[in-house]
Amino acid sequence: MIGGLFIYNHKGEVLISRVYRDDIGNRRNAVDAFRVNVIHARQQVRSPVTNIARTSFFHVKRSNIWLAAVTKQNVNAAMVFEFLYKMCDVMTSYFGKISEENIKNNFVLIYELLDEILDFGYPQNSETGALKTFITQQGIKSQTKEEQSQITSQVTGQIGWRREGIKYRRNELFLDVLESVNLLMSPQGQVLSAHVSGRVVMKSYLSGMPECKFGMNDKIVIEKQGKGTTDESAKSGKQSIAIDDCTFHQCVRLSKFESERSISFIPPDGEYELMRYRTTKDIILPFRVIPLVREVGRTKLEVKVVIKSNFKPSLLAQKIEVRIPTPLNTSGVQVICMKGKAKYKASENAIVWKIKRMAGMKESQISAEIELLPTNDKKKWARPPISMNFEVPFAPSGLKVRYLKVFEPKLNYSDHDVIKWVRYIGRSGIYETRC
Amino acid sequence: MTDSKYFTTTKKGEIFELKAELNSDKKEKKKEAVKKVIASMTVGKDVSALFPDVVNCMQTDNLELKKLVYLYLMNYAKSQPDMAIMAVNTFVKDCEDPNPLIRALAVRTMGCIRVDKITEYLCEPLRKCLKDEDPYVRKTAAVCVAKLHDINAQLVEDQGFLDTLKDLISDSNPMVVANAVAALSEIAESHPNSNLLDLNPQTINKLLTALNECTEWGQIFILDCLANYSPKDDREAQSICERVTPRLSHANSAVVLSAVKVLMKFMEMLSKDLDYYGTLLKKLAPPLVTLLSAEPELQYVALRNINLIVQKRPEILKHEMKVFFVKYNDPIYVKLEKLDIMIRLASQANIAQVLAELKEYATEVDVDFVRKAVRAIGRCAIKVEQSAERCVSTLLDLIQTKVNYVVQEAIIVIKDIFRKYPNKYESVIATLCENLDSLDEPEARAAMIWIVGEYAERIDNADELLESFLEGFHDESTQVQLQLLTAIVKLFLKKPTETQELVQQVLSLATQDSDNPDLRDRGYIYWRLLSTDPVAAKEVVLAEKPLISEETDLIEPTLLDELICHIGTLASVYHKPPSAFVEGSRGVQHKRLPPRSGSNESTESPDVAPSATAQPSEQQPAVIPSQGDLLGDLLNLDLGPPVNVPPIPSSTVQMGAMDLLGGGLDSLMGDETEGLGGDLSGSPAIGAGYGTPAVMPTSLNAPIGGGLSELFDLGGMGMPSGSFVAPKTIWLPAAKAKGLEISGTFSRRMGHIYMDISLMNKAMQVMTDFAIQFNRNSFGMAPAAPLQVNAPLAPNQTIEASLPLNTVGPVMKMDPLTNLQVAVKNNIDVFYFSCLYPINMLFVEDGKMDRQIFLATWKDIPNENEVQFQIKDCHLNADAVTNKLQSNNIFTVAKRNVEGQDMLYQSLKLTNGIWILAELRIQPGNPNYTDLELSLKCRAPEVSQHVFQAYEVILKN
């Protein structure tokens with residue numbers, strides 16, 4: 001199990017160090033070994049797991065803060081990384097951004113958290129909802145006996161992510177379907193790989209311990225239901241989507257999903273990620289990029305890029321950005337674009353073309369002349385792909401929320417009383433076209 | 001609210017000031033002071049001098065202050081054990097606090113203070129806390145048992161905490177169960193033989209129930225523990241798998257990977273014909289792919305594991321090639337791992353796409369990545385024959401870029417392509433030769449030299465090229481030197497007239513001027529070969545090379561199976577068994593996959609099939625060793641094929657010469673018995689381990705120092721294996737012995753052992769002057785008289801001979817125990833073979849033990865030495881069994897009838913005086929129950945297996 005946990009700033013100075021096990025030996029040695037071999041090592045980090053003198057170091061980096069877990073045993077490596085991410089989440093939800101200043105400002109809190117969520121190197125309950133009920137930095141003397149036992153039963157209980165007795169005047173929930181669409185396209189317009197990774201994020205403000213059931217146009221469910229009424233299945237079958245795989249927040253009853261493919265759960269209070277999913281079939285690619293690069297002699301490049309939007313004309317895409325890489329020896333660039341603004345950014349070695357809004361079924365074009373300095377560098381320019389960023393108000397996977405039912409048998413509100421909001425946002429993930 | 005100010009105090013006299021503040025009356029000031037102390041501690045200042053002052057602050061009802069003081073204590077208690085005792089009272093009091101959070105805090109902290117005096121006081125509070133009414137306290141106490149065990153294992157056992165911990169597995173609270181499982185698993189790891197974690201179907205059921213209810217971390221503890229369980233049959237395995245599969249949809253990647261581990265392990269027990277088996281295979285792919293959308297660090301862990309899974313069960317991910325395509329801004333460690341998996345998944349179906357990708361990668365910036373991509377192109381050529389042409393032309397394009405490391409890498413892979421497809425792509429040699437000068441890495445130079453040597457007849461100026469390398473011979477690395485030596489000898493054998501001077505030069509450089517024993521030995525071998533028998537030299541050096549395998553860098557099957565049992569852990573990330581990086585006893589136990597169900601299953605399994613079906617005498621296609629093992633590769637190239645070189649000139653050998661046989665046979669049999677052992681035992685793991693890359697380099701490197709013995713090793717390939725049957729079997733086939741075929745068996749007549757052999761002459765010439773000799777063996781078996789073959793053996797004639805044996809010869813323990821290595825000489829040559837004798841040859845006539853002595857001896861032999869066997873389908877009653885065994889010198893000492901079963905107590909003695917005691921259980925009169933149960937006890941338990949086999953053979957014939 002985890003033998004110790006260190007947090008360093010970018011210079012390699014220790015901000016937090018907590019040792020859980022003696023076997024990692026002298027604290028200073030372990031702390032220094034990581035600093036010298038990883039943080040101060042000049043070259044790029046070649047692996048997130050480093051073994052130095054039979055001691056293994058796992059690290060993740062958040063802005064310029066290093067979090068390192070140390071062990072001498074054959075630990076579950078996936079668990080250690082999951083824990084480090086969780087640790088970051090917990091810290092963020094307590095004090096915002098993970099920065100040197102914030103860590104120094106909250107070091108007592110961090111030690112308290114580390115004492116609670118890691119015992120002898122074994123991760124314990126790390127749900128912020130539960131942690132915040134008793135790790136507050138304000139002391140807990142005001143608790144009554146009932147409150148105390150409520151805390152402990154929640155921290156250890158089956159529903160560790162939600163406390164009892166939550167009350168809202170207005171029962172409300174927000175569902176965001178957030179998708180990132182990824183594409184790798186060949187210069188000829190052939191799709192090399194495309195997938196959507198989506199998340200359903202829920203903000204719930206519901207009283208009591210509500211039982212929820214979430215339904216979407218999952219092909220498997222729809223086909224199962226549609227068996228009786230052929231008419232309807234033909235209609236809905238068209239709209240259903242094939243989900244390659246999905247994972248759920250720990251509140252979802254996985255065995256029920258496995259047997260009935262229904263998604264039922266008691267949600268945590270506030271914002272959390274209900275599910276993640278991935279689809280690869282019938283993806284709506286919101287944009288198509290058509291590149292044309294021509295080398296004119298040894299000192300000039302001509303680039304023409306056309307983008308086409310491919311969705312309903314009534315919808316608007318936003319925050320469109322096309323990034324066209326330029327060679328390292330670029331000396332000057334002239335750009336002409338029909339729409340939006342384009343600029344050559346020498347520091348980023350790219351032409352960045354920004355368009356605020358663009359409706360569906362439209363087309364726009366940019367052309368650029370790139371002047372090159374003559375070099376004797378033999379190595380060819382690698383021609384990185386043209387990448388794109390955008391945001392569209394629909395789900396490129398075609399996912400639709402069919403229902404989200406809320407039942408709270410003990411309290412006096414029904415599914416109809418809950419105000420529900422659903423929003424779809426499709427963003428570009430890695431959306432690249434080779435040129 | 002900002003705590004950062006505590007970090008900034010750097011003035012002198014700080015400790016003194018802090019001391020004053022700690023003793024202040026004001027609570028706030030105290031708290032501030034402790035915070036400053038903790039801050040100093042964090043940045044590495046020594047604040048241990050403040051120990052008594054800090055401990056004084058412990059008695060407070062302010063929880064925050066208490067936690068800070070506890071934190072301080074955990075750090076410094078060890079350096080101040082005497083002072084630490086001051087804190088004990090407060091701890092004990094806190095363990096009784098009405099607030100469960102404080103009780104838990106106290107017991108948690110106490111466990112972290114590794115001071116003997118304190119641990120003594122810990123026992124009582126811990127006992128209470130383990131039975132606390134509050135689950136939060138119980139779950140903390142469960143972990144505390146593991147802490148205490150780490151400090152003082154004996155104490156934990158004496159105090160009976162382990163039993164209490166076991167009871168917690170049945171706790172009503174899932175988190176308590178999870179922590180108890182984690183603690184028990186850890187404790188069990190340091191007691192490999194205890195059955196602390198007594199996993200039985202009931203506890204498994206409890207764990208599976210808790211699995212649905214506990215936190216994500218708890219699920220990981222439980223799944224990791226489940227993976228250590230061995231279900232009793234495939235039905236149980238399936239039902240566990242069914243209950244674990246829902247975990248594949250968990251958002252936590254570690255839960256998913258641990259579930260994958262359980263499934264991969266238990267799948268081993270499911271029959272492939274089962275519908276469920278196919279369903280399970282299909283269910284595994286999507287979650288593995290989903291892991292690739294996690295954060296990069298987790299992707300890396302996932303990819304390292306997928307690499308193992310793809311090797312173990314290629315069918316799972318064979319359609320998922322695209323997800324392993326490299327993204328431009330993947331971190332380098334993710335890129336390299338993806339590339340590895342792409343090569344493994346490459347097949348005829350997807351090769352076009354893969355090649356297009358690899359070509360892109362070869363133009364990237366990162367040197368390691370580009371190299372790997374180039375190498376991957378070569379691998380594709382070798383793996384998918386249809387793509388070879390395209391791969392070669394891609395490689396040629398890359399060579400044209402003249403980027404130094406690309407060129408070198410390309411040449412290394414082209415060498416392998418030449419070997420895989422001889423006489424197909426040699427036209428590119430000219431292009432390669434253009435780049436000779438730019439090669440500066442040993443591996444690339446060695447590869448290029450190999451190509452020049454191998455195709456010397458097609459390269460007009462081969463001698464000039466090699467000569468140019470020879471100039472700086474001593475500055476080259478060993479692998480280049482060795483390769484150069486071999487290449488020049490090849491050249492000489494191909495064009496002897498022009499290159500005599502060159503070969504003499506290189507031989508003298510290698511043998512006289514070099515300090516490297518490998519190089520010298522190889523030089524001498526060539527030299528002697530060339531000077532004594534150039535024809536033989538040609539046969540050896542220019543022999544046809546064995547095929548190279550398509551798969552590369554495969555992990556050796558036994559290791560792979562072990563790593564599959566460690567999915568998700570560091571071992572799977574390092575691709576090393578835990579013993580390689582964990583100190584002490586933890587994790588040193590080797591985990592194993594459960595045995596496959598059904599005996600025919602093991603041969604069908606694709607990864608095991610080649611070794612299980614291959615004849616022991618067949619040499620497996622050699623595998624391209626991983627980077628850096630060129631030495632092994634070279635030996636392979638030069639000496640790999642089984643060459644039938646007579647090991648020793650026969651005319652000079654006297655048959656009685658024991659020492660000669662000793663040395664020759666030892667090295668001759670060394671590798672062979674290893675191979676035989678694996679195949680005979682039927683264990684796929686051992687069998688398959690023979691001839692894989694992980695094994696090759698060592699088995700090939702080792703004999704280099706031995707010079708000539710290397711040749712013997714290879715010449716001896718293909719020994720026939722004796723088998724345990726009474727009729728004569730062929731021990732030495734005619735093909736291996738210049739026409740002499742020897743078959744034979746062993747028998748025991750009138751208290752003497754005989755080796756009954758038939759000699760058959762399948763050659764064209766008359767054979768005379770037969771003699772026989774044995775190598776030292778386990779029971780000192782030796783010929784009691786010379787082999788009597790009086791008349792010369794004419795072609796196509798067979799002579800029967802019976803050779804009396806005694807057991808007074810020199811003794812050496814063999815593996816397997818009853819292995820006998822024999823040398824037979826005739827006027828043509830000396831031949832070596834090995835056979836197994838049935839152990840009942842050694843059962844002596846006075847092996848009946850007195851009843852009383854039998855009882856006493858049975859009790860006296862420790863129980864660990866008792867081995868149990870089943871003899872299936874034996875339709876004999878007790879009397880028939882007794883008679884049958886008696887005629888083979890197995891004596892029944894006593895007979896009892898217990899609950900309708902006949903129990904026979906038997907004894908037997910071996911020629912060397914070892915007694916074996918047996919208990920045989922027979923159920924008479926029940927035709928459905930014909931299995932006999934045999935328990936053997938013996939002071940030398942290694943013979944038990946053989947005795948059992950003897951029993952089986954005797955009773956069934």
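What follows is a chat about a predicted model with chains A and B.

Q: Let's start with the contact between the chains. How many residues does each chain put in?
A: Chain B gives 103 residues and chain A gives 94.

Q: And what's the area buried between them?
A: About 8600 Å² is buried between chain B and chain A, and carbon and sulfur atoms give 55% of that.

Q: How many salt bridges between chain B and chain A?
A: The count is 13. One pair that spans the chains is A:Glu112 with B:Lys67, at 2.8 Å from N to O. Over all chains the count comes to 70.

Q: Now helices. At what angle do α2 of chain A and α14 of chain B pack?
A: Helix α2(A), residues 77-95, and helix α14(B), residues 216-226, pack at about 175°, with axes 12 Å apart. That angle is over 145, so α2(A) runs roughly antiparallel to α14(B).

Q: Which residues meet there?
A: From α2(A) you get A:Met79, A:Glu82, A:Phe83 and A:Lys86, and from α14(B) there are B:Glu216, B:Trp217, B:Ile220 and B:Phe221. By class, that contact has 5 nonpolar, 3 charged and no polar residues.

Q: OK, switching to salt bridges inside chain B. What does B:Arg375 pair with?
A: B:Glu409, with N to O at 2.4 Å. The two are 34 residues apart, with B:Arg375 in helix α21 (residues 367-383) and B:Glu409 in helix α23 (residues 404-420).

Q: Are those two buried or exposed?
A: B:Arg375 counts as buried because its relative accessibility is 12%, and B:Glu409 is buried as well, at 2%.

Q: What about B:Lys490, which partner does that side chain meet?
A: B:Glu454, at 2.9 Å from N to O. B:Lys490 sits in helix α27 (residues 478-494) and B:Glu454 in helix α25 (residues 442-454), so the bridge ties together parts 36 residues apart in sequence. B:Lys490 is buried at 1% relative accessible area, and B:Glu454 is buried at 14%.

Q: Which residues do shared partners join into one network?
A: B:Arg371, B:Arg375, B:Glu409, B:Glu441 and B:Glu443.

Q: And B:Glu236 with B:Lys232, how far apart are the closest N and O atoms?
A: They are 3.9 Å apart. B:Glu236 is buried at 10% relative accessibility, while B:Lys232 is exposed at 63%.

Q: Last one: where is B:Leu934?
A: In strand β13 of chain B, residues 932-938. With 0% relative accessibility, B:Leu934 counts as buried. Its contacts include B:Val867, B:Phe869, B:Ile871, B:Leu920 and B:Tyr951.

How values were computed:
Residues are numbered from 1 along each chain as its sequence is written. Chains are lettered from A and ligands numbered from 1 in the order in which they are written. This is a predicted model: local features need pLDDT of at least 70, side-chain atom pairs count only at pLDDT 80 or more; totals for chains, interfaces and linings use all residues. Side-chain values use heavy atoms; hydrogens and water are left out. Axes are lines fitted to C-alpha atoms, for helices over the stretch in contact, and angles run from 0 to 180 degrees between N-to-C directions. Helices (H or I, at least four residues) and strands (E, at least two) are DSSP runs, numbered from the N terminus. Angles under 35 degrees count as roughly parallel, over 145 as roughly antiparallel, 65 to 115 as roughly perpendicular and the rest as oblique. Contact means heavy atoms within 4.5 Å. Ala, Val, Leu, Ile, Met, Phe, Trp, Tyr, Cys and Pro count as nonpolar, Asp, Glu, Lys and Arg as charged, and the others, Gly among them, as polar. Buried means under 20% relative accessible area, exposed over 50%, partly exposed in between (1.4 Å probe, protein chains only). Buried area is the accessible area (1.4 Å probe) that two parts lose on being put together, summed over both. A salt bridge is a side-chain nitrogen of Lys or Arg within 4 Å of a carboxyl oxygen of Asp or Glu. Lists of a residue's contacts leave out its neighbours within four places in sequence.
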